[in-house]
Amino acid sequence: MSHRWFPTLRRTPQPATKSEPNYSLNWSPAGIDRARPWSVERAVQDGMERAVWIYKAVDTISNHAADRLLRVRPRSGTSEDPLPPLAAHPLYEAMNVKANPLEGAWIFKKRVSMQLLLSKRGVFLEPTFTRGGDLLRIDLLPPGRTRPVPGKGADLVSHFETVTPRGELRTLDVEQVRWIRNPHPLDPYSGITPLEAAGLSADLDFFTRHYNLSFVHNDARPGGVIGIDGDMDDAELRLLRAKFAGGPSAAGVWTVLSGGNVTVTDTSTTPRDMAYETVSLNSKVELLAAFGVPESQLGNASGRTYDNARAEKLMFWEITMPPHLRLVAAAFQEDAGDGNEAYFDVSDVDVLREARAKRLTEAREEVAAGVRSVRSYAELAGYADEVDDTPATRALWLTSGRTPVPARAADAQALGASPTQPAQPPPRAAKALDTATSDLPLNYNAANDLRDRLDDALQALAVRWTERTIARLNAPRNRQGTRHWDDRGAADPRAGSKDLPVEQMIDTATWQQEAEQALQPLIEQAGDAAAHEMHQLLDVPGTPTAAAWAALAPSLTDTITRQADRLGDDVRTEDRSGADIAGITATIRAWGRTMATWASATAARLATATIETARDQAAAASARACLVRRWVAHDDARTRPDHDAADGQTQPLGQPFTVGQDLLRHPADPESPPGQALNCRCRLAWRIHH
């Protein structure tokens, strides 16, 4: 019995070796000794081969791992948008078709997975390469007869040793072995398996089953005492024993005997005392918890609703399988090549496809709302090779009139979002400069035209920022851990009490970049046109390039930051006051409506400042003397009193205007207080004073 029920008492003969290793260290890999309680041989024999739950858990995980295709893709630097896999790689043949002459890839991956779950030492792989460096085959080394040998100094492992089936000792360099193990927290030479934590449950499950089997063999009772007063001859004794030797078919049945002075004492254990069902259930729960396999994934979904079984499957693929697959894939990272990563393709797992489908649905809504480009969606969906990288696919298409917002300055001309050539100045009168009282015939509608284009672009950006913030508010990754996680009810473990991640929902730096991409081409072209016009009127050779954008960019960045901060404060206030997603969405949309006014006011200021700054720079570069400027206020009820009072004020080139209590170089001066520059529609009239 000891050899049958206590396999740890068995002694395996030491294999013959042609050479004996000579260790100079007094300390050998701790994994050698640590593996003794649950060595891989015991894990297979006493665990997988005799405990149904261990067998089914290991079999389920390894089957799923074997079904996955190993792929290689370039590293993208972000886990959110991984790059598509390479069409061909040397690893594909060995890991997806045939690993070695003895094993196909499916069986090979299944054995690797099972050893990883059962072997405390881990899994040892030996790849073989051709002389040209191509991967030829991959073999599994026996984990019970393979070990790492500690190195000296900084080398954790000196080499590996393995004993062949013929008893020969092989020494393998570190580069010749791929070592996979679930890392032990203290011992770098050892792994850790679920049976280390659940080994007692495995033993308890076996012994309770064995004890219950003894019940059946003994009429479901370990025994009883029958006492009879008086003597009995052998024939009567045999008859009495035959009455109580019914076997399994008569289990639990008592026989009534006629005669006198017969007493029966029941010394058997009752089912309540044994509590077999409770012990068996607890062992099953502990074993499956250690391996991370819900019972519904073993083929038994009884007692569960469809949603509960679906949730168990999702947790299995989100919690149990990813780290298991990553451990295996990481072993081939060295063979994947520089700049690449090996991974197992799980794109066809239905419960994971649901999450991806939801993410793609959100992305399509972002495309429709004009907050994501077609090219960006194609890369996310995995068919970027089917969509050309053009200005149209890079642009954001707004829902109103399908207006494109260029993603790059170079795309503006292709999309027709801005003039292709600087505006030509009106014909210059030959005698205009000879009359001291005549203003230079500048295009005084240039600022209005630029204001309209800037207003359209800023309105589109405001819509994009509003819709993107709402989309990110509703994104699962931003709601996870907050009280707003309600996809599967309040009991979902992904719910929590954290505040909404406002910094991830409102990306101020991206807003500033998008504003630069949309506005800079318009401002630079209008500024160049205004400077070109001024040089022609002053009869100065050359066409200077205006630097209006450099002067206006800081103020634009500042006003965008203020608007983003205002929205962030509103969202935080609503979140902390207990508002739900619908209420916070309404707050964001209300902010978006105020952004329409902001866009118009900002467009007016930028347009005026662009034209006047370009003319100032062109005039200063011309070195033309006696240039005089006159402040011309916009004549309507919206004009500020200070600006209306400055109407007609004249200053020579280089001298500021006095507007209220402030000094302004020109209307909408970006260095002036916001109260003087915002929404300014004034202009300057130029003349040459003799």
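Contact means heavy atoms within 4.5 Å. This is a predicted model: local features need pLDDT of at least 70, side-chain atom pairs count only at pLDDT 80 or more, and totals for chains, interfaces and linings use all residues. Residues are numbered from 1 along each chain as its sequence is written, and side-chain values use heavy atoms, without hydrogens and water.

**View 1. Overview of the protein chain.** The secondary structure comprises 24 helices and 17 strands. Helices (H or I, at least four residues) and strands (E, at least two) are DSSP runs, numbered from the N terminus. Of 690 residues, 44% are buried (under 20% relative accessible area; 1.4 Å probe, protein chains only). Take contacts between residues at least 6 apart in sequence: 67% join residues at least 24 apart.

**View 2. Helix H14 and its cover.** H14 spans residues 374–381. Its buried residues are Arg375, Tyr377, Ala378, Leu380 and Ala381. Helix H13 (350–369) and helix H15 (391–394) are among the elements that cover them. Ser373 caps the N-terminal end of H14. A side-chain oxygen of Ser373 lies 3.0 Å from the backbone nitrogen of Ser376, a polar contact being a pair of N or O atoms within 3.5 Å; within protein, one must be able to donate a hydrogen and the other to accept it, and residues adjacent in sequence count only if both atoms are side-chain atoms.

**View 3. The S4-S5-S6 sheet.** Three strands form an open sheet in the order S4-S5-S6, with antiparallel pairing. Strands pair if DSSP finds at least two bridges between them. Strand S4 (146–150) and strand S6 (169–172) are the edges; each has a single partner strand, so one side of each lacks a neighbour in the sheet.

**View 4. The S5–S6 pair.** Four bridges join S5 (residues 157–163) to S6. Glu161 stands opposite Thr171 in S6.

Terms used:
Buried < 20%, exposed > 50% of the residue type's maximum accessible area, 1.4 Å probe, protein only.
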